[in-house]
Amino acid sequence: MAEEQPVGCARPTGGPVGEAVPETAANEPSAPIKEEMQMIHVGEKAPDFVAPGYQQGKFINVKLSDYLGKWVLLCFYPGDFTFV
Amino acid sequence: MSIDSMFVHKMWDDHELAKMVDGGVPFPMLSDAGGKVGKLFGVYNEGAGVENRGRFIIDPDGVIQGYEVLTPPVGRNVMESLRQVQAFQLVRKTKGAEATPSGWRPGKLTLKPGPELVGNVWKAWKTDMAFE
């Protein structure tokens, strides 16, 4: 699932979870990602992404679509060492 | 997930969170430098350069079943998030044959949508049950 890997950067993979990525996105990983606010709709697939992280003493890379078959709570928060 | 690096996540876990939770945080703490993923989910606050307090419930098919987004000063209710996951799990298990009315918790009455329930919810479900 989330294996230990060299450090990278978080990035959208270019498609919804569990669906094939459009060819242009797959072939041009260095193409600039469109940075615009998107509308999230309940009942629709989540956008897929990969992100580096930390878990129990290891640096890891997590891909959202690796969690297909499980329930996921994805939580965003303003920052480490803040108060709430 | 926050805009902090995984190195800061490690320091926070080692030096503060491990003092709150035995063994530290068990789940992945993800890094979203620049808010690329936050923008995708509509929770990145451009002005402040941080993520708002967003929480997404994603089912085993990758479908977003619910979300909640709060501004930074107010914390979430973890039990409410778990309750919602339990409710969505029940609906999924019954393939939609059962629905969970307001105030539902595991073990409480569910409703079975169908022709005979139309106009008759008041017989099966009382307003007080929303507040129990």
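User: How many residues does the contact take from chain B and from chain A?
Analyst: Keep in mind that this is a predicted model. In it, chain B puts 61 residues into the contact and chain A puts in 45 residues.

User: And what's the area buried between chain B and chain A?
Analyst: About 4900 Å², with carbon and sulfur atoms giving 68% of that. On the chain B side, Met1(B), Met6(B) and Leu40(B) supply 14% of the area buried against chain A, more than any other three residues.

User: How many salt bridges across the interface of chain B and chain A?
Analyst: Zero by the rule used here. Polar contacts are another matter: between chain B and chain A the count is 19 residue pairs, with both residues at pLDDT 80 or more.

User: Which helices and strands of chain B supply at least two residues each to the side that touches chain A?
Analyst: In chain B those are helix H1 (6-15), strand S1 (29-30), H2, strand S3 (50-51), S4, strand S5 (64-70) and helix H3 (78-93). H1(B) gives the most, with nine residues.

User: How do the residues on that side of chain B divide into nonpolar, polar and charged?
Analyst: The side of chain B that touches chain A has 31 nonpolar, 15 polar and 15 charged residues.

User: Switching to rings. How many aromatic pairs over all chains?
Analyst: The count is nine. Take Phe76(A) and Phe41(B): the ring centres are 5.8 Å apart and the planes sit at 45°, so this pair is tilted.

User: Where do Phe76(A) and Phe41(B) lie?
Analyst: Phe76(A) is in the segment after strand S4 (72-75) of chain A, while Phe41(B) is in the loop between helix H2 (36-40) and strand S2 (44-45) of chain B, so the pair joins two chains.

User: Phe76(A), buried or exposed?
Analyst: Buried, at 0% relative accessibility. Phe41(B) counts as buried too, at 3%.

User: What about Phe76(A) and Phe56(B), how are those rings placed?
Analyst: Their centres are 5.9 Å apart with the planes at 80°, so that pair is edge-to-face. This one also crosses between chains, ending at Phe56(B) in strand S4 (residues 53-58) of chain B. Phe56(B) is buried, as is Phe76(A).

User: Which residues form one aromatic cluster with Phe76(A)?
Analyst: The cluster has Phe49(A), Phe76(A), Phe41(B), Phe56(B) and Tyr67(B).

User: OK, new residue. Where's Leu30(B), and what does Leu30(B) touch?
Analyst: Leu30(B) sits in strand S1 of chain B. Leaving out residues up to four places away in sequence, Leu30(B) touches Phe49(A), Ala51(A), Pro52(A), Gly53(A) and Val62(A), plus Met1(B), Ser2(B) and His9(B). Leu30(B) is buried, with a relative accessible area of 7%.

User: What separates the C-alpha atoms of Leu30(B) and His9(B)?
Analyst: 8.1 Å, for two residues that are 21 residues apart along the chain.

User: Last topic, backbone angles. What's phi of Phe81(A)?
Analyst: Phi of Phe81(A) is positive, about 60°, although Phe81(A) is not a glycine. Phe81(A) lies in the segment after S4 of chain A and counts as partly exposed, at 41% relative accessibility.

User: And what's phi of Lys95(B)?
Analyst: Near 55°, again a positive value in a residue other than glycine. Lys95(B) is in the loop between H3 and helix H4 (121-124) of chain B. At 77% relative accessibility, Lys95(B) counts as exposed.

Conventions:
Residues are numbered from 1 along each chain as its sequence is written. Chains are lettered from A and ligands numbered from 1 in the order in which they are written. This is a predicted model: local features need pLDDT of at least 70, side-chain atom pairs count only at pLDDT 80 or more; totals for chains, interfaces and linings use all residues. Side-chain values use heavy atoms; hydrogens and water are left out. Rings of Phe, Tyr and Trp (its six-membered ring) pair if their centres lie within 6.5 Å; planes under 30 degrees apart count as stacked, over 60 as edge-to-face and the rest as tilted. Helices (H or I, at least four residues) and strands (E, at least two) are DSSP runs, numbered from the N terminus. Buried means under 20% relative accessible area, exposed over 50%, partly exposed in between (1.4 Å probe, protein chains only). Contact means heavy atoms within 4.5 Å. Buried area is the accessible area (1.4 Å probe) that two parts lose on being put together, summed over both. A salt bridge is a side-chain nitrogen of Lys or Arg within 4 Å of a carboxyl oxygen of Asp or Glu. A polar contact is a pair of N or O atoms within 3.5 Å; within protein, one must be able to donate a hydrogen and the other to accept it, and residues adjacent in sequence count only if both atoms are side-chain atoms. Ala, Val, Leu, Ile, Met, Phe, Trp, Tyr, Cys and Pro count as nonpolar, Asp, Glu, Lys and Arg as charged, and the others, Gly among them, as polar.
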